[in-house]
Amino acid sequence: MKTLKEYVEDLKRVCRENELRITPQRLEVYKTIVRSTEHPSAEDILKKVRKRIPNISHDTVYRTLNWLVNNKLIFQVGVVNGVARYDGNLKFHFHYICDNCGTVGDIFHQDESFADFSTIVPRNFSVRNILLEIRGLCKDCKN
Ligand SMILES: [Zn+2]
Ligand SMILES: [Zn+2]
């Protein structure tokens with residue numbers, strides 16, 4: 001597991017490469033995501049960041065999220081109940097998602113061959129990213 005300090009180093013590096021300043025807003029949005037294991041939505045992130053930066057705008061949070069995704073510092077997990085969710089853990093993993101309450105859980109697979117889809121994609125197709133979502137109902141929602 002990466003430490004928060006190491007994550008922040010990643011952010012600093014990407015900011016340097018893009019000749020951008022590390023604003024407190026950018027830093028706080030990023031930290032909020034990498035500290036969470038709950039795959040927060042933009043609204044969740046906004047609520048948390050506002051505790052530290054009360055006047056941060058909705059727009060700034062959305063713009064920052066897009067910027068972080070485009071720079072591969074975080075990724076979008078998928079859309080749950082119409083809302084995009086975000087993940088700061090870049091280690092290759094899959095997700096299980098409850099369609100009812102929107103819980104998004106991580107699946108880290110030990111067997112690397114499980115994640116080798118090279119044999120089933122068309123020849124000469126170059127794979128950039130693989131997303132696997134297992135959808136269903138969590139224990140609480142099933143009962
Ligand atoms: Zn559920
Ligand atoms: Zn995840």
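Q: Contact means heavy atoms within 4.5 Å; what percentage of the contacts in the protein chain with a separation of 6 or more do residues 24 or more positions apart account for?
A: This is a predicted model, in which local features need pLDDT of at least 70 and side-chain atom pairs count only at pLDDT 80 or more, whereas totals for chains, interfaces and linings use all residues. Side-chain values use heavy atoms, with hydrogens and water left out; residues are numbered from 1 along each chain as its sequence is written, while chains are lettered from A and ligands numbered from 1 in the order in which they are written. For contacts in the protein chain with a separation of 6 or more, the part that comes from residues 24 or more positions apart is 45%.

Q: In what order do the elements of the protein chain run from the N terminus on?
A: Helices (H or I, at least four residues) and strands (E, at least two) are DSSP runs, numbered from the N terminus. By that assignment the protein chain has five helices and five strands. Read from the N terminus on, they follow the order α-α-α-α-β-β-β-β-β-α.

Q: What percentage of the 143 residues of the protein chain count as buried?
A: Buried means under 20% relative accessible area and exposed over 50%, with partly exposed in between, using a 1.4 Å probe and protein chains only. The C-alpha atoms of the protein chain fill a box of roughly 45 × 45 × 25 Å along the principal axes. Of its 143 residues, the buried part is 35%.

Q: Which spacing do the donors of the zinc ion (ligand 2) follow along the chain?
A: Donors are N, O and S atoms within 2.8 Å of the metal (3.2 Å for Na, K and Ca), and since water is not among the atoms, sites may look incomplete. The protein donors here are His-39 (NE2), Asp-87 (OD), His-93 (NE2), His-95 (NE2) and Asp-106 (OD), at 1.9 to 2.2 Å from the zinc ion. Along the chain their spacing is H-x47-D-x5-H-x1-H-x10-D.

Q: How many residues apart are His-39 and His-93, a pair that links distant parts of the chain?
A: Both His-39 and His-93 are buried. His-39 sits in the loop between α2 (24-35) and α3 (42-52), whereas His-93 sits in the loop between β2 (83-87) and β3 (94-98), and their separation in residues is 54.

Q: Are α2 and α4 roughly parallel or roughly perpendicular?
A: In α2, Gln-25, Arg-26, Val-29, Tyr-30 and Ile-33 meet Thr-60, Val-61, Thr-64, Leu-65, Trp-67 and Leu-68 in α4. Axes are lines fitted to C-alpha atoms, for helices over the stretch in contact, with angles running from 0 to 180 degrees between N-to-C directions, and angles under 35 degrees count as roughly parallel, over 145 as roughly antiparallel, 65 to 115 as roughly perpendicular and the rest as oblique. These two helices pack at about 70°, with axes 10 Å apart. The angle therefore makes α2 and α4 roughly perpendicular.

Q: Which residues in α3 meet Glu-28, Val-29, Thr-32, Ile-33 and Arg-35 in α2?
A: α2 and α3 pack at an angle of about 120°, with axes 10 Å apart, and are therefore oblique to each other. The residues in α3 that meet Glu-28, Val-29, Thr-32, Ile-33 and Arg-35 in α2 are Ile-45, Lys-48, Val-49 and Arg-52.

Q: Does Asp-10 count as buried or exposed?
A: Asp-10 lies in helix α1 and, leaving aside neighbours within four places in sequence, is in contact with Lys-2, Tyr-30 and Leu-73. The C-alpha atoms of Asp-10 and Leu-73 are separated by 7.6 Å, although the two residues are 63 apart along the chain. With a relative accessibility of 16%, Asp-10 counts as buried.

Q: With which residues is Asn-89 in contact, leaving aside its neighbours within four places in sequence?
A: Asn-89 is placed in the loop between β2 and β3, and its relative accessibility of 17% is why Asn-89 counts as buried. Beyond neighbours within four places in sequence, the contacts of Asn-89 are Tyr-7, Phe-75 and Phe-108.

Conventions: Contact = heavy atoms within 4.5 Å.
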